[in-house]
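Visitor: I have a structure to go through with you. Can we take it piece by piece?

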Amino acid sequence: MSVLRKIDLDFSRPSKWAGCVIPFGLAFLLAGSALIWEILLHPGLQRLVSSSWTAIPCQIVRSELVKKPGHDSWMIARLVYAYEFKGRKLSGSRIDFQSELIGLGGAGEAQNLIAEYPLGKNTVCFIHPGDPSQAVLRRDWGAGAKWFVGGFGFLMALAGSAVSMQGLRPWRSVRRKENLPPVLLQPDRKSTGTWLAWLAGCLFWNGILLGLLICWILKIRDQGFAWTDALAFLFGAFFSVIGLGLLFAAIGASWDFLRPAVKLLIENGAVIKTGEPLRLRCIDVRQPVRLELICTEKAIWNDTRSHSDEEAEVMSISVGELSDDGELRFDVPFDLMPSFKSQCNFITWRLRLRSLEDAEKPALDDSYPVELIRGGSPCPS
Amino acid sequence: MPELSLVLESSSCLPGGNLRGRISWDCAKTPRRLILALKWRTEGRGNAESGCVGELHLPCRAAKGEAEFELEIPPRIPPSYRGRLVSILWQIEARADLAFAFDCEISRDIDILGVVSPEPGGR
């Protein structure tokens with residue numbers, strides 16, 4: 001008997017060529033990180049360390065505009081300052097901690113420096129107390145441009161990480177599905193982000209409307225009613241309808257997000273095995289409820305112009321009924337189709353919990369996503 | 001023109017079961033190897049997708065010949081499925097890897113059975 005080599009059971013795995021993007025991603029990540037280090041971190045650290053440096057008097061002994069080595073038209077300020085520390089005569093030329101990469105101020109900035117530090121000027125420099133040969137004239141760590149260039153570096157590093165992670169997907173290990181710890185499942189309701197988005201949208205829109213309404217009332221009170229106010233009223237009424245719609249949507253989303261929910265304590269990390277018993281503990285059951293195991297198919301298709309998807313509930317199996325907090329035991333049939341997930345085709349399972357009263361419109365109707373895998377040992381053919 | 005034929009003892013198998021068959025080839029030159037692959041594909045409403053779960057390489061020492069094989073189907077693969085929106089289909093593909101020539105290939109659809117009973121005395 002022969003065994004297949006390199007068995008790959010990750011059906012959602014992208015093309016094996018996805019790994020080709022890793023070098024590009026890493027190049028962006030490295031370039032972005034180098035930029036962040038050079039522009040922000042290194043000068044910032046130097047600035048931090050230099051806060052304990054000693055300030056001593058110094059004199060500018062050279063102040064001139066020179067061409068930057070290797071550049072014919074890039075003028076930079078060349079400043080040399082002399083200082084004395086414990087009887088030793090020393091000199092320094094470091095102006096600040098700014099990276100040369102953002103010294104883009106050109107001749108104008110260089111001339112300003114020359115004007116600020118003319119030859120013979122007595123000023124103050126900062127020296128390292130342990131190594132007085134290290135000195136700096138100003139403890140700045142760069143112009144405002146550093147945030148722009150550093151931010152660009154951050155974006156590069158971020159994009160590089162995302163591309164590398166995407167490329168690494170084919171090599172990520174498939175999640176272990178045996179002997180996982182029990183988990184407490186919350187119903188699959190609208191996410192916090194959706195709820196906050198509705199709330200923020202409602203407050204923003206209606207806040208503006210309220211502000212305009214107050215201004216309108218104050219204007220009428222001070223100046224009396226004019227025919228233009230009637231137009232403003234009609235205009236405002238139209239936007240108020242949208243505001244009311246947003247308000248109802250926000251209230252609905254809040255209710256959906258905040259209403260009490262039954263929690264399910266489920267074994268093996270919400271991974272259910274076919275042919276094996278499923279034990280569930282229901283918490284916060286306040287009314288008689290029914291639990292069902294539901295199978296849903298989902299298909300995604302793209303054409304040149306659109307991206308569409310469709311879902312269909314294809315199977316429903318009764319798990320049991322409860323009227324109070326307690327445990328449910330259910331023997332999962334062996335012949336159920338396991339969960340399947342590829343890039344565009346999905347077979348998913350969820351536990352659906354509904355209140356028994358009012359079957360048409362139950363007060364409680366929540367779903368808890370689970371994963372169904374093949375359990376037991378099938379008989380050989 | 002190279003010829004390849006694939007005969008399976010049964011066109012259906014349980015996950016974890018064995019699939020027996022015979023492959024015969026008749027090529028102008030000796031193939032470097034024969035490759036048997038267990039492949040899946042989806043059909044239905046969504047975008048069609050496909051993939052290979054695993055391969056088996058058989059040595060080949062002549063331009064013409066015949067070999068029997070017995071393949072162990074991985075136990076955790078999803079069974080063949082025909083749903084309302086999504087269908088999952090399986091096939092065995094045989095390929096003769098020819099040096100400096102187009103490979104010759106043939107495939108047979110198989111059913112990975114989903115309705116199985118737990119072992120007697122099991123859970």
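Predicted model: local features only at pLDDT ≥ 70, side-chain atom pairs only at ≥ 80, totals over all residues.

Visitor: Is Lys86(A) buried or exposed?

Guide: Lys86(A) is exposed, because 5 other C-beta atoms lie within 10 Å. Residues are numbered from 1 along each chain as its sequence is written, while chains are lettered from A and ligands numbered from 1 in the order in which they are written.

Visitor: Where does Lys86(A) sit?

Guide: In the loop between β3 (75-85) and β4 (88-92) of chain A. Strands are DSSP runs of E, at least two residues, and helices are runs of H or I, at least four, numbered from the N terminus. Lys86(A) has a positive phi of about 50 degrees, although it is not a glycine.

Visitor: And what is the phi of Asp284(A)?

Guide: Positive, about 70 degrees, and Asp284(A) is not a glycine either. Asp284(A) lies in the loop between β10 (277-283) and β11 (289-302) of chain A. It counts as exposed, with 10 C-beta neighbours inside 10 Å.

Visitor: Changing topic. How many residues are in the largest nonpolar core?

Guide: 53, and those with the most contacts inside it are Leu264(A), Leu351(A), Leu34(B) and Ile73(B). Such a core is a set of buried Ala, Val, Leu, Ile, Met, Phe, Trp, Tyr and Cys residues joined through C-beta atoms within 7 Å. Its largest share, 6 residues, comes from strand β8 (residues 86-97) of chain B.

Visitor: What does Leu351(A) touch?

Guide: Leaving out residues up to four places away in sequence, Leu351(A) touches Leu264(A), Leu291(A), Leu293(A), Val319(A), Tyr368(A) and Val370(A). Contact here puts the C-beta atoms, placed from the backbone, within 7 Å.

Visitor: What is chain B made of?

Guide: Chain B has 9 strands and 0 helices. Buried residues make up 30% of its 123 residues.

Visitor: Which strands form the open sheet in chain A?

Guide: Four, in the order β7-β8-β10-β13, with antiparallel pairing. Two strands pair if DSSP finds at least two bridges between them. β7 (183-185) and β13 (326-331) of chain A are at the edges with a single partner strand each, so one side of each has no neighbour in the sheet.

Visitor: What stands opposite Leu184(A)?

Guide: Leu265(A), in β8(A). β7(A) and β8 (residues 263-266) of chain A pair over 3 bridges.

Notes:
Buried ≥ 20, exposed ≤ 12 C-beta atoms within 10 Å, placed from the backbone. Contact = placed C-beta atoms within 7 Å.
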